[in-house]
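Let's take a friendly walk through a protein model, looking at its rings, its cores and its sheet. Keep the sequence and the 3D view open as you read.

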Amino acid sequence: MAITKNVQSDEKIIEMAKAAFPDKRVSCIKELTEGMCNVTYNVTFHDGSESVLKIASKDRTGNTSNEINLMKAEVDAMRIVSNNCSFKVADIYYYDTSGKICDGDYFFMEKLPGDNFIFVKDSMSERMIFNINEEIGVISKQLTKIKNSEFGFLGDDKRYHSLYDFVKVMLTNLIADAKQRGIDIVYDADTFTNQLERDKSAFEMIHKASLVHWDLWEGNIFVKDGHVSGVIDWERAVWGEAFMDDRFRYHNRGEAFLKGFGKTSFSEDELKRMRWYDIILYLTMMIEVYYREYEDKGQYLWAREMLEEVF
């Protein structure tokens, strides 16, 4: 289990629920073990209603430098999306950053209808899977309409005037994180930064940022009756470029998603930028294995192989 999972006792969760829902009594608490970073619980009340509780780490131990105020980023992103998009995100019922009850920030949110796509995909027809992936592309396209004049992490107050500057910060943060822990990332710092500098012109045509989920993989999609019923885990959201999302990555660039997004071919400059987003994702996956203190190093080995292929 990742050291970022701030597990709490049932007694503590009941106390948190009482603060959020003073008129309700908890009847059942179940930890949801799918997430890789924060701990989440499904909380059922005596009246039959349910809510999902998500709790942040008590400190930054286990987080990389690009993971800044993740819970704030998630709450902000969900509220922005709720006000600007037609697809479903969970309503936030209660958000506590006071530290009075729990040593980590936490929120209670609506339980989305349906099932996690990753768990039910194997029971679906190829046509249904294609349609859902196409809908995810439509969702990603909707996010491009939410604009910001500057780039940056949602959880951070610092903003960058250019996409290149933001990408360079993401990359150099990862290189520094790897150096601090002695993590082998295959190439030295100069190799990465010199190549990025050579590709700088490819970033200069992007003048405005759009909201990016960053992690629209199947585990963060809920489905019901053959359609997307909601999107979860917005903690890595950024003001960036749509192509930063996981669905545009080298290993995951599927026909159905691209059809839904409305783009099936890319210019040379777009491919250059996407390659750097590949590199940043694979470095992130390699490094977080050691920061989270995963016992299984399989993710590191897979991401390293991907990094070597794209670099």
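## Before we start

Phe87 is buried, with a relative accessible area of 10%; buried means under 20% relative accessible area, exposed over 50%, and partly exposed in between, using a 1.4 Å probe and protein chains only. The model is predicted, so local features need pLDDT of at least 70 and side-chain atom pairs count only at pLDDT 80 or more, while totals for chains, interfaces and linings use all residues. Residues are numbered from 1 along each chain as its sequence is written, and side-chain values use heavy atoms, with hydrogens and water left out.

## Rings that pair up

Rings of Phe, Tyr and Trp (its six-membered ring) pair if their centres lie within 6.5 Å; planes under 30 degrees apart count as stacked, over 60 as edge-to-face and the rest as tilted. By this rule there are 23 aromatic pairs. One of them is the stacked pair of Phe87 and Trp234, at 6.2 Å centre to centre and with 10° between the planes. The two partners are 147 residues apart: Phe87 is in the loop between helix H2 (70-84) and strand S4 (92-96), and Trp234 is in the loop between strand S11 (227-231) and strand S12 (238-240). Helices (H or I, at least four residues) and strands (E, at least two) are DSSP runs, numbered from the N terminus. Trp234 is buried too, at 0% relative accessibility.

Now try Tyr94 and Tyr106, a tilted pair with 6.3 Å between centres and 35° between the planes. Tyr94 belongs to strand S4 and Tyr106 to strand S5 (residues 106-109), 12 residues apart. Tyr94 is partly exposed at 26%, whereas Tyr106 is buried at 1%. Ring pairs also join these two with Phe21, Phe45, Tyr93 and Phe108 in a cluster.

## Inside the cores

A nonpolar core is a set of buried Ala, Val, Leu, Ile, Met, Phe, Trp, Tyr and Cys residues joined through side-chain atoms within 4.5 Å. Which residues touch the most other members of the largest nonpolar core? Among its 87 residues, they are Phe87, Ile185, Phe192, Trp234, Met244, Ile279 and Leu283. Helix H8 gives the most to this core, with 13 residues. Another core, of 15 residues, lies apart from it and includes Val43, Ile101, Tyr106 and Phe108.

Trp234 has contacts (heavy atoms within 4.5 Å) with residues including Ala73, Ala77, Phe87 and His213, leaving aside residues up to four places away in sequence.

## A sheet of five strands

Next, find the open sheet of 5 strands, with the order S1-S2-S3-S5-S4 and antiparallel pairing. Two strands pair if DSSP finds at least two bridges between them. Strand S1 (26-32) and S4 stand at the edges with a single partner strand each, so one side of each has no neighbour in the sheet. S1 and strand S2 (residues 39-45) pair over 6 bridges, and Leu32 stands opposite Thr40 in S2.

Val186 is not a glycine, yet it has a positive phi of about 80°. Val186 lies in the loop between helix H5 (163-181) and helix H6 (189-198). Glu293 also has a positive phi, near 65°, and lies in the loop between helix H8 (268-291) and helix H9 (298-310).
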